[in-house]
Amino acid sequence: MRVRAGVASDIGQVREANEDSYLAEEPLFAVADGMGGHRGGEVASRLALETVQRLFEARSGSLTDQVEEANRAVYERSLRDPSVAGMGTTLTAALVEGDRIQLAHVGDSRAYLFRDGRLRRLTEDHTLVHRMVQEGEITEDEAERHPHRSVITRALGVDPGVQVDEGSIQVAPGDRLLLCTDGLTGMVAEERIAAILAAVGDPQQAADRLVSEANGAGGVDNITVVILDVEGDGRRADPLEAPMTETLQDGASIRDADAGAVDRSSGPAPRRPPPVSPPRASAPRPPVALGRWAVRAGIAVAAIVLVLVGIRLYLDSQWFVGVSEDRVAIFRGVPVEVVGFDLHTVVVETPIDADEAQDLALYRDLDEGITADDRESAEAIVEQIRADVAQARVGGS
Ligand code: MN
């Protein structure tokens, strides 16, 4: 199987530097989104990809081993060099091996498969908001607009070890793989991405088009796109005889929620059934029975009661880190106000200066609240803020 690639990376409309990096050296392709201040972000994303490429060329270990090694390289550099202390990067890599593509992934960049007009997400975001979606606290749509959607829970270079999601997919001619940083997905809806991938045949033109679309939508972040078009080498694989299989490890399987997101894509209906569809998704819903209004009304009243009780329990179980009296504080409840009523109370006020924390890009929106799973997580976030503020003082940045 041969691939034809298109790549584009752009600084966007707002940022002062492009901290994204990409790698496109057939058969190895990757994107990385660096963070940690100007120099740090650039160094982290580049060093990570250079490490993966060097180890691949030396035929050292699996793709996942190479990504783990890249984590160590970034981590050790950040310890040695104070000018890049605290840097980190996402990394989403694809290795083409015959009719399979291996994937390795950490962070909130993404890999998608575009097949038969449908866009399907292959990776899971390692973000706070994704965790909230998994726990049913917010919907996928709310996650896309959440003020803290860019807070990531896993990155390369932050700890000596990292958990890498890995997987592989079988591909056939006509398949299109998209790797991208959140500068694309934060700006352009998946429906729109699918429409562009359907409309623009040439992979380079499609990559350029996606970047200009993200810039047109505001371009608030760096944007990087790698597109791989799978081309035949004479014989055409029959996807029904060779069904696509996934082997994502450590529980990071492709989730139905993601399949649902894909179903919203506005591409043409597939002419053949998708090679893999979750069995639940294919079962048609029974038609709704009519004429049972009394039962429905009863259910509606019960539902309202449950919602009211639920709101109280929900508020009591929610935690977030925000600002109280110019200090970083831990709150219980949700960080909103409804017609003058705060839906939260301060639980712990810390001595950390909120302005100082908000000077750091990661905590710029602190006054809107960073949601936590529980009190322990809220305390962990406070610890992280404390460490980052101390780091910034030492680094003088
Ligand atoms: Mn980004």
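The structure is a predicted model, so local features are given only at pLDDT of at least 70 and side-chain atom pairs only at pLDDT 80 or more, while totals for chains, interfaces and linings use all residues. Residues are numbered from 1 along each chain as its sequence is written, and side-chain values use heavy atoms, with hydrogens and water left out.

Let's start with the big picture. The protein has twelve helices and 15 strands; these are DSSP runs, with helices being H or I of at least four residues and strands being E of at least two, numbered from the N terminus. Of the 397 residues, 45% are buried. Here, buried means under 20% relative accessible area, exposed means over 50%, and partly exposed is in between (1.4 Å probe, protein chains only). The protein exposes about 19700 Å², and carbon and sulfur atoms supply 52% of that area. Accessible areas come from the Shrake-Rupley method with a 1.4 Å probe, and for residues only the protein chains shown count as cover. A contact means heavy atoms within 4.5 Å. Among contacts between residues at least 6 apart in sequence, 68% join residues at least 24 apart.

Next comes the metal site. The manganese ion has three named protein donors, D33 (OD), D182 (OD) and D221 (OD), at 2.0 to 2.2 Å. Donors are N, O and S atoms within 2.8 Å of the metal (3.2 Å for Na, K and Ca), and since water is not among the atoms, sites may look incomplete. Along the sequence, the donor residues follow the spacing D-x148-D-x38-D. D33 sits in strand β3 (residues 28–35) and D221 in the loop between α7 (203–216) and β11 (223–231), so this pair, 188 residues apart, links distant parts of the chain. D33 counts as buried because its relative accessibility is 7%, and D221 counts as buried at 9%.

Now for the nonpolar cores. A nonpolar core is a set of buried Ala, Val, Leu, Ile, Met, Phe, Trp, Tyr and Cys residues joined through side-chain atoms within 4.5 Å. The largest one has 24 residues, of which V52, L63, V67, L91 and L156 touch the most other members. The elements giving two or more residues to this core are β3, α1 (38–57), α2, β5 (91–97) and β6, and α1 provides the largest share, six residues. Leaving aside neighbours within four places in sequence, L156 is in contact with residues including A48, V67, L91 and V162.

D65 counts as partly exposed because its relative accessibility is 37%.
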